[in-house]
Amino acid sequence: MNTSLVSSPIVDLLSRITGQKLTQNHITAPVTFLASLVTVLLGVIFVDGTVAEEEKQKLLTILYRFSTPESDVRRLTHLMIKGIKENQIYKQINNLLTLSNSLSESEKLLLIAFGYEISTIDGGIDLSEKQYLQIIGKHLGINPKYLSVLESAFAHNNHIDYAALDEVRFWLDPCRFNELDIAFVKAASDMLATLPTKPEEQVTQKKQIAYSGLKKFQENQKELDYLCYRVFQVVEDCNARGFLHSTLIDEVGAASKKLQSQSFRLAVVGEFSQGKSTLLNALLGEEIQPVRAIPCSGTVTVLKYGTEKRVICCYKDGRSEEIAFDEYKLKAAISKEAALEHRSDELAQSNIAEIIFEHPDLELCKSGVEILDSPGLNEHPERTAITQKLLKDADAAIFLTNAMRLLPEREKELIQDVRLYLNANKDNEPAENLFVVVNFMDSLDDEQDKQDIKQRLTSFVKDKNLLSSTGENRIHYISAKAALKAIINGNDDEYRKSFHAFSDSLEKFLTLERGALKMKRSVSEVSDLIKKSLDGLDQAQKILDGKVEISEAEKQKIFEQIGEASGRDIRIRLIASQLIEQVIDEAADSWDEWREELGERMAEKSQYWYSEHSPVWSQNQLIQDYTNQFVKDLSQEIDDWGNAQLKNVILQNNLKILDANIEHELDAIQSEFKNIEQQVKADFSQQLQLSISGINDDFMGLGGIGGGLGIGGALAAGLIVFTGLGFVAVIVASIAATIAGSFGLGMFDIDGLHDQIKLKVFEIGFQKFDDSIDKLSEKLDEITTSVFNTKVESASRVISQAISLYENLLQQHEKAHQETLEQRQADKTWICQKQQELEQLNNKMEAILQEF
C-alpha cells in the first residue's frame with residue numbers, strides 16, 4: 001500500500017462517512033483497506049435488492065478478521081458500515097476509487113476476492129452481483145481473467161484458466177502483504193487456500209527429485225506459523241482489553257514475520273567450467289541455468305520459488321527490472337571468449353549486481369530452498385566480496401571441483417576462503433555446512449584414477465581441517481551432466497544413484513541439522529513470549545483481586561520513574577554519539593600510522609608474486625596475475641588492520657565503555673522500579689530483562705562486532721568494492737596504456753620486464769587506492785555507526801518495554817477501581833480462558849518440535 005497516496009479527499013470522505021473529525025494520522029493502511037472493503041461488500045449485498053441474514057453474518061465475519069474487539073479500528077468499522085450504507089457510497093464509483101487509490105494491485109485483488117466470497121454465501125452468484133463485481137473490477141484495473149478465476153473458484157465450476165490461476169496465486173502471495181498488519185497476511189493465505197489446485201493432468205510431470213524431507217519441514221513450519229498467528233491474536237485481544245502491554249504485540253508480530261520469511265539458503269561456489277550450472281539443473285530437474293560447451297555464469301544468480309516464471313535483473317546502481325527468460329540466459333552469462341581466456345575485464349565492467357529467477361515448478365525451490373549461484377571465480381576482480389556475499393547467512397555451501405584437474409593452487413585458496421567465511425572468519429576450524437563435490441567423474445575410465453582422486457581429496461580435507469566430517473555425507477563424487485540426463489530420461493543408472501546420495505545428504509543436513517536448529521529457535525522465541533504474556537495475565541489477575549494497591553503518592557512516583565527512564569535512554573544515546581566520534585578519530589590516526597608502513601610491507605610481499613605467463617608473449621595475462629596478487633595482498637593488509645586495530649582494540653575498548661554506561665543506566669532503572677514493585681506488591685521481573693547480558697545476547701545474535709559489516713576477515717572486500725574502483729580492470733588498463741610498445745619484442749631481459757611490470761602494478765595500484773581515501777573513510781564511519789547503533793537500539797527497546805509495563809500497570813489499576821465486582825469477575829474468567837489458550841498453543845508448538 002502506498003500511504004503517500006492517502007490524500008485530503010480520502011480524509012474528508014471518511015470523515016463524512018463516519019461522522020468523525022478524522023486526520024491523516026487516523027487513515028492507516030487497515031482503515032483504508034477496510035473502507036474500500038465495506039463499500040464493495042455492501043454493494044454486493046444490496047445490488048440484488050434483497051439482504052439475506054447469511055449475508056449480514058458473512059459481512060461481519062469478513063470485516064472482523066481485520067480488527068480486534070473494542071479496538072478503535074473495530075469501532076471505526078461499525079461507523080463505516082453505517083455511513084456507507086446511509087450515503088449509498090457503494091453506488092458511487094468515484095468515491096470508491098478515492099478510497100482505493102492507495103491500494104496495491106495485490107490489495108485490490110484481495111478486495112474483489114472477498115466480494116466474490118460474499119456473493120456466493122446464499123448459494124450462488126446472482127447475475128446482478130456478477131455484473132456489479134465486473135464493473136468494480138474494471139474500474140480498479142483488475143484483469144478480467146482474474147475475475148473469471150475468482151468467480152469459478154467460489155462458484156465451484158470447472159471452467160478455469162490455469163495460467164490465470166497461477167497469476168492470481170502470484171498476486172495473492174502472502175509475502176506481498178508482509179508490510180501491512182499480520183491480519184492481511186493471514187487473509188491472503190486463507191484466500192489462497194480457497195482457490196482450486198491444478199488437476200494432475202494439468203501439471204507437466206517432470207522427473208524431479210521429490211525432496212520429501214524438506215516438504216515435511218515446510219509443513220511443520222506452516223503449522224508453527226499458524227500457531228504463532230493464534231498467539232498474536234490472543235495477545236492482541238488481551239492488549240485491547242488492557243491486560244497486556246502493546247510492545248508484546250510488536251514482539252509476537254516480529255516473530256511471526258520471521259517464521260513466514262524463513263527459508264534455506266544454499267550457495268554454490270566454484271571456478272569456471274566446473275559444471276555449476278549443470279549441477280544446479282540436476283538438483284532442480286530442469287535446465288534453468290545457461291549451459292554450453294564452455295559454461296560461464298557471469299553474475300550472481302538467485303533461484304527461488306515464485307507463483308509464475310519471471311526474471312528480475314538487479315543493477316549495482318540500485319535499479320531493478322523484470323526481463324524476458326531468453327534475455328536472462330544472455331545476461332546471466334559472459335562471453336565464451338572471456339571464459340576461455342579467464343578474462344576479468346568483462347566481469348569487472350558488468351553493471352549487474354544479481355539476477356533473481358522465480359519459478360513455480362522447481363521442487364527444490366518449492367520446498368523452501370533459495371539457491372545462490374556464483375559466477376566463475378577464477379580471476380574475478382571482486383572474488384572476495386562475491387564469496388562473502390554468497391556465504392552471508394548461507395545455511396549450506398557446495399564447493400564444486402573438477403575430477404580432471406582436482407584442486408589446483410588457486411582453487412585450494414578459494415575453498416579455504418569459503419571455509420573461513422562460513423565459520424565467521426574463525427580460522428583453523430572445520431566447516432559444518434560445507435559440501436565438497438567432485439564433478440566429471442564419468443571422464444575417468446580407470447578405477448585406479450578414481451581411487452587416486454578420492455585419496456588426494458580426503459588427504460587435503462583432513463590436512464587443512466576443512467570439514468567437520470570427512471565421510472560420505474560431506475564429500476561426493478558425481479557426474480552432473482550424466483545425472484541430469486538420467487533424471488530427465490527417468491533412468492536409474494550409477495550416475496543418478498551417486499547424485500541421489502549427494503542430494504539426499506544435502507536434504508538431511510538442511511532439515512535435520514539446520515532445520516531443527518531453526519525450528520528450535522522459533523519455538524523457543526515464541527515460547528518465551530507466551531511466558532511473558534502469561535506472567536502479564538497473572539499480574540492482571542492480582543490487580544483484579546485487589547492484591548496490587550497503588551496510592552496517589554506511588555502513582556506519582558511511577559510517573560517520575562517513567563520520565564527518569566526516558567532520560568536514561570537519551571543519556572545512552574548521547575554517550576554512544578560521543579564514542580562514535582572518538583572511534584572515528586582513533587581509527588583515522590591508526591589508519592594513517594598503518595598506511596605509512598604499508599608500502600614497505602607490500603614491496604616485500606611483491607617479491608613473491610608469481611605468474612607462469614611471459615612478459616613478452618602474454619603480457620596482459622601477466623599484468624592481470626600481478627594485479628590480482630596486489631589486490632589480494634592489499635586486502636589481507638586491510639583485514640589484518642581491521643582485526644588487530646579497528647576490531648580488537650579501537651571498537652572493543654570503546655564498546656566496553658558503552659557497555660558499562662548501559663549497564664549503569666539499566667541497573668538504575670531496575671533498582672528504581674524494584675522499589676516501586678515492593679511498595680505496590682507487584683512483580684514484573686519475569687516480564688522484563690533489564691540487563692547488559694540480554695543486550696549482548698542480541699548483539700552477538702546479529703554477528704557481534706562487525707557482524708555482516710565486513711569486519712573480521714573481509715573488511716577489505718567491503719572497502720575496495722564500495723569504492724567502485726573495479727581494481728583489476730582499472731590497473732590492467734592503466735598499465736597497458738603506460739607501457740604499450742615500450743617493451744618491444746627485441747627486448748628479452750625477462751627478469752627486467754617482470755620487475756618493471758611489478759613496479760607499475762605497485763605504483764598504479766597505490767595511486768588508485770589513495771585516490772579512494774574519502775570513500776574509504778565514509779565506509780569506516782558507516783561500519784562504526786552501525787555497530788554502536790545496534791547496541792543502543794537494543795538498550796532502548798528494553799527501556800521502552802519497562803516503560804510500557806508500568807504504564808499498563810497504571811491503566812489496569814485505574815480500570816479495576818472503576819469496575820463493579822461482577823465486571824471484575826467476568827474479566828478474571830476471560831483472563832483464565834486466554835491463559836488456557838496460550839498454554840495449549842505452547843503445548844502444540846512443543847509437540848511439533850518433539851515430533852520433528
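A salt bridge here is a side-chain nitrogen of Lys or Arg within 4 Å of a carboxyl oxygen of Asp or Glu. I kept to that criterion throughout, bearing in mind that this is a predicted model.

Entry 1. I looked up D190 and R65, whose side chains meet in a salt bridge at 2.6 Å, N to O. The pair links distant parts of the chain, since D190 sits in helix α10 (residues 182-194) while R65 lies in the loop between α3 (53-64) and α4 (72-87), 125 residues apart. I noted that D190 is partly exposed at 26% relative accessible area, and that R65 is also partly exposed, at 27%.

Entry 2. I then turned to E413 and K632, which form a salt bridge with their closest N and O atoms 2.9 Å apart.

Entry 3. Within helix α23 (residues 552-606) I checked D569 and R573, which are separated by about one helical turn because they stand 4 residues apart. Their salt bridge has its closest N and O atoms at 3.7 Å. D569 is buried, because its relative accessible area of 13% falls under the 20% cut-off, whereas R573, at 33%, is partly exposed.

Note on methods
Residues numbered from 1 in each chain as written. Predicted model: local features only at pLDDT ≥ 70, side-chain atom pairs only at ≥ 80, totals over all residues. Heavy atoms only, no water. Helix = DSSP H or I, 4+ residues; strand = E, 2+ residues; numbered from the N terminus. Buried < 20%, exposed > 50% of the residue type's maximum accessible area, 1.4 Å probe, protein only.
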